[in-house]
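Work through the exercises below with the model open beside you. Try each task before reading its solution.

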Amino acid sequence: MNNLIILPILIPLITGVILIFFTKNIPVQRWVSAAGFLLMIVAAGMLVSHVYQDGIQTMHLSNWEAPYGITLVSDMFSALLVLTTSIISFFVVLYSFKSIGEEREKFYYYPVVSFLIVGVNGAFTTGDIFNLFVFFEVMLMSSYVLLVLGGTKIQLRESIKYILVNIISSALFVIAVAYLYSVVGTLNMAHISLRLSEVSDLTIITVIAVLFLIVFGLKGAIFPLYFWLPGSYYAPPAPVMALFGALLTKVGVYSITRTYTLFFYHDTGYTHELLQIMAILTIIAGVIGAVAFTDIKKIVIYNIIVAVGVILFGVSVFTENSLAGSVFYIIHDMNIKAALFLLIGIVISITGTSDLNKIHGLIHRYPGVAWTFFIASAALAGIPPLSGFAGKLLIVRSGFEAEDYIGAAFVLMSSLLVLFSVMKIFIRGFWGAPRAYKNEENAPVKWLLFAPALLTAFAVLYGFGTEAIYPVISMAAETLANPEIYINAVLKE
Amino acid sequence: MEILMAFLVGILFMTATYLMLSKSLLRIIIGTGLLSHGAHLLLLTMGGLKRGAAPLLGENAPAYADPLPQALILTAIVISFGVTAFFLVLAYRAYQELGTDNMDRLRGKEGHE
């Protein structure tokens, strides 16, 4: 029993509620949300250190014992994701001060971001499958508002599609939970795992596993189900795009990882094979998009899809090393995607366009932006010693060890093409003859650069400090690879 | 009874799919409503349909109903209610702004305002 677990959910919730009362007072909006998010980072950091020292932390809400009430569970994986989420959201809020515009700030931008973080942190923390659905809905509802906030034509048009896709996937989520409940008769995730190991009829479990894959795949954008993502993520302004790109798809990926390591590990023949094929196809589809487009937003958006594929490939190989690689990579990717989207936001605020053909020579006037972007792209592609390297190395190596040569080869090749796709932005957008842009004078580049520069610095530190961080990551992977650790921590206290 | 419910849920899903594949935005929204109704009924059925006992588990209780599906459905209904309301408002606003509720004309190329 540890009350610290609920703080990363409670702090943004209270922040959001307070902010609703002061909608027209912009300084209050800005600084209260920044202070709240800073507090959340502290709480999440303490949570990680607790988990590191004492193992998995649990909290039974209202003191209902484990299988009966709702349990919050923080293992290392979820604690690390909560910490990463807190850090990213703090920097995105700082970035928003001078980027999102007063109109949006007056219309509940900061409260809605807070509620979004409630949903994301809740989804990472909860140990109850139906509670996961509820936190998903909290997150989605906030994301609908963030997507449509501002009410431009493209936003309204894309919001309709985004909401429709998510309503369908939510209905499928309820259906999947219904089937699961009819088989195991419980909702506590540890208890489900325990009961599933007693079920003799594996076919129904496979059906449920695939249904969950579809549900979370729709949210996490895996191969045939990512169709909605490039359009919807294109519409909102840069800070919102950073939040979506860094956090929302990762919640889907987290849920797939959690269910496929905790529930469906008995009969991996069909389900994990399917996951692997879909992961590889996701990588291919993402890479094609990233290479093909000449719109900087599109390029980075398709890189989200590539990363989802890489992480899920690590999960599908399902050895302790490959899971460690996935944990490494998901944290790296959240961090670096946020940095890249924020950097692209700076480029767009300078040039007023996201079309790469109309952007040249930014490096002459904005060397800081250019070199931060260069380091961030190198980290994205996984050039050693930067942050993407260790995760990919672990994933690829364990892929070869498990004799999944094709998948591992695709992960390797994808790195090359990912590097090409972002270097294309660097070479064509930052090099070349400088030219003048209309809104150039108004862009508060110095302030905007602060957040992505720090996130990129994290990426560098994360890469150089791999050796120091590795014990934490391997602890997360150990829990994922051995579900009984999780089950014992929740049920036998 | 379970068989009957299964047919009902199937018909609801069928109707919902048909409506969601149509072009009119309003029909799509009604379709999402029916889809979530179907999902909720399925959840109720999957929890097991029982009659005639309160959901109280005493030491000597001969029978009891499982209260959990009802609690889950209540939550899910509230959520789908909120989402549908939001969707309706969004549809109206989009109609005002874009001048159409035909999904074919909402297709749009990226980057075009």
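**Exercise 1: the fold of chain A**

Residues 24 or more positions apart make up 80% of the contacts in chain A with a separation of 6 or more. Two residues are in contact if their C-beta atoms, placed from the backbone, lie within 7 Å. This is a predicted model: local features need pLDDT of at least 70, side-chain atom pairs count only at pLDDT 80 or more, and totals for chains, interfaces and linings use all residues. Residues are numbered from 1 along each chain as its sequence is written, and chains are lettered from A and ligands numbered from 1 in the order in which they are written.

Task: describe the make-up and dimensions of chain A.

Solution.
- Step 1. Chain A has 20 helices and 2 strands. Helices (H or I, at least four residues) and strands (E, at least two) are DSSP runs, numbered from the N terminus.
- Step 2. The radius of gyration of chain A is 21 Å, close to the 23 Å that the globule rule gives for 493 residues, so chain A is as compact as a globular protein of that length. The radius is taken over C-alpha atoms, and the rule is 2.2 Å times the number of residues to the power 0.38.
- Step 3. The C-alpha trace spans about 70 × 55 × 45 Å along its principal axes.

**Exercise 2: one side of a helix**

Task: find the buried residues of helix 20 of chain A and say what covers them.

Solution.
- Step 1. In helix 20 (residues 483-491), A:Pro483, A:Tyr486, A:Ile487, A:Ala489 and A:Val490 are buried. Buried means 20 or more other C-beta atoms within 10 Å of the residue's own; exposed means 12 or fewer, and partly exposed lies in between.
- Step 2. They cover an arc of only 165 degrees around the axis, so they sit on the same side of helix 20 of chain A. The arc is that of the directions from the helix axis to the C-beta atoms.
- Step 3. Their cover includes strand 1 (57-60), strand 2 (71-74), helix 8 (189-196), helix 11 (238-262) and helix 19 (466-481) of chain A.

**Exercise 3: where chain A touches chain B**

Task: which helix supplies the largest share of the side of chain A that touches chain B?

Solution.
- Step 1. Count the contacts: 27 residues of chain A meet 30 residues of chain B.
- Step 2. Helix 6 (129-148), helix 7 (153-184) and helix 10 (229-234) of chain A each supply at least two residues of this side.
- Step 3. Helix 7 of chain A gives the largest share, 17 residues.
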